[in-house]
Amino acid sequence: MSLPATFLNLPNSLLQKDQLRAVIFGVGHGTNYPGQDSGGHALAADAVRAASQEDAPLLEHWDFELGGLLFDGGPIACVDIGDVETVMGDGVGNRARIEQKTREVLAQDAVPILIGSDDSVPIPFIGAFSEQGPIWVLQIDAHIDWRDEVQGERYGYSSPMRRVSEMAHVAGIVQVGIRSVGSAGLAEIEAAKAYGSRIVTAREVHKHGVEAALCRLPEGARIIVTLDCDGLDPSIMPAVAARTPGGLSYTQTIDLIAGAAKRGSIVGMDMVELLPPSDVDGLSALTASRILVNTIGAIVRQR
């Protein structure tokens, strides 16, 4: 059996440090709640890799979203090193392995880009930046994810921003695309506000543009983008567990990422909650692939 193609058919081994800008890796499982099956999310990384094959022969073609070639006329500066070995139900072990792989990428002076699993994964991913602070987190999501615990589990997909807010190296959080209802009650809203979270609803972005969120990031900030796919509107991202009308458009999402790279610098990015079994004609995977292409282009061009 042949191995899955890498994202955009990029190299699958590390380049020299002076050439390497970003490293992609996949994650199948994070921290499950009791009885939760994360098998659908485990398909995400390879679904995005497969969708990227449409663009793979076009790396030397002009990209009108980037205003140039993907690598801005330079050599290939991104690799896809495959997937972290994870096991459904082994939350402690999965968190340790995800954090370790992220630290290994950071040791190469590269930007880690994680694809896959549910929204518990940002906890160990962002935790790996403990020696890289101060960090700002730009969360794109329909939900604030501020539950302290669910069914006795404090590291599940309803709690990532709560756990991140407790990390000493995280200087602040901007939460964008928030809408409708989720697991947050009044206690979670008050806790997020007490921390100082800067919440920007989807309606604010639709009315005032992405600057409504970007202006809340300090100039020169080092930024991790954590993107829950349900932050986008389900008309273009149907492959999520919690479809919520009124989400961000594709263009708003890539403008947020490009704007973050111009306002400061993107030092990490995760894309989670893609659920391929719920996709419609591969639309979600294609949208996710193009967002990652734009993220790589923004990282290559950032100051």
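Tyr-157 is partly exposed, with a relative accessible area of 34%. The structure is a predicted model. Tyr-157 pairs edge-to-face with Tyr-33, and three aromatic pairs are counted in total. The count of salt bridges comes to 14, and the largest pocket holds about 260 Å³ of space. The points below take up these topics in turn, together with two individual residues.

**Aromatic pairs**

- The ring centres of Tyr-33 and Tyr-157 are 4.8 Å apart, with 75° between the planes, an edge-to-face arrangement.
- Tyr-33 is in the loop between strand 1 (22-27) and helix 1, and Tyr-157 is in the loop between strand 4 and helix 4, so this pair ties together parts 124 residues apart in sequence.
- Tyr-33 is buried at a relative accessible area of 6%, whereas Tyr-157 is partly exposed at 34%.
- A further pair is that of Phe-125 and Phe-129, which counts as edge-to-face because the planes stand at 70°, the cut-off for that class being over 60 degrees.
- The ring centres of Phe-125 and Phe-129 are 5.7 Å apart.
- Both Phe-125 and Phe-129 are buried.

**Salt bridges around Arg-49**

- Arg-49 and Asp-46 form a salt bridge through their side chains, with an N to O distance of 2.9 Å.
- Both residues belong to helix 1 (residues 44-51), where a spacing of three residues puts Arg-49 and Asp-46 about one helical turn apart.
- Arg-49 also forms a salt bridge with Asp-83, and the closest N and O atoms of that pair are 2.9 Å apart.
- Because Asp-83 lies in strand 2 (residues 78-84) and Arg-49 in helix 1, this bridge ties together parts that are 34 residues apart in sequence.
- Arg-49 is buried, its relative accessible area being 4%.

**The bridge between Asp-148 and Arg-163**

- The closest N and O atoms in the salt bridge of Asp-148 with Arg-163 are 2.6 Å apart.
- Asp-148 sits in the loop between strand 4 (135-140) and helix 4 (160-165), while Arg-163 is in helix 4, and the pair links distant parts of the chain, 15 residues apart.
- Asp-148 is partly exposed at 29% relative accessibility, and Arg-163 is buried at 3%.

**Salt-bridge network**

- Through shared partners, salt bridges join Asp-46, Arg-49, Asp-80 and Asp-83 into one network.

**Largest pocket**

- About 260 Å³ of space lies in the largest pocket.
- Helix 8 (250-263) and helix 9 (283-301) each supply at least two residues of the lining.
- Helix 8 gives the largest share of that lining, five residues.
- The lining residues include Ile-254, Asp-255, Ala-258, Ala-261 and Lys-262.
- Also among them are Asn-294, Gly-297, Ala-298 and Arg-301.
- Glu-65, Leu-66 and Gln-302 are likewise part of the lining.
- By class, the lining has five nonpolar, three polar and four charged residues.

**Ser-289**

- Ser-289 is found in helix 9.
- Ser-289 is buried, with a relative accessible area of 1%, which falls under the 20% cut-off.
- Apart from neighbours within four places in sequence, Ser-289 is in contact with Phe-7, Val-48, Ala-51 and Ser-52.

**Gln-108**

- Gln-108 lies in the loop between helix 2 (91-106) and strand 3 (111-115).
- With a relative accessibility of 23%, Gln-108 counts as partly exposed, since that class begins where buried, under 20%, ends.
- Leaving out neighbours within four places in sequence, Gln-108 is in contact with Leu-14, Lys-17 and Leu-20.
- Gln-108 and Thr-287 are 179 residues apart in sequence, and their C-alpha atoms are 29 Å apart in space.

Technical notes:
Residues are numbered from 1 along each chain as its sequence is written. This is a predicted model: local features need pLDDT of at least 70, side-chain atom pairs count only at pLDDT 80 or more; totals for chains, interfaces and linings use all residues. Side-chain values use heavy atoms; hydrogens and water are left out. A salt bridge is a side-chain nitrogen of Lys or Arg within 4 Å of a carboxyl oxygen of Asp or Glu. Helices (H or I, at least four residues) and strands (E, at least two) are DSSP runs, numbered from the N terminus. Buried means under 20% relative accessible area, exposed over 50%, partly exposed in between (1.4 Å probe, protein chains only). Contact means heavy atoms within 4.5 Å. On a 1 Å grid over the protein atoms alone, a cavity is a set of points where a 1.4 Å probe fits but cannot get out, and a pocket is an open set with protein on both sides within 12 Å along at least five of seven lines; lining residues have an atom within 4 Å of a point. Grid points are joined across faces, edges and corners, and a volume is the space filled by probe spheres set on the points. Ala, Val, Leu, Ile, Met, Phe, Trp, Tyr, Cys and Pro count as nonpolar, Asp, Glu, Lys and Arg as charged, and the others, Gly among them, as polar. Rings of Phe, Tyr and Trp (its six-membered ring) pair if their centres lie within 6.5 Å; planes under 30 degrees apart count as stacked, over 60 as edge-to-face and the rest as tilted.
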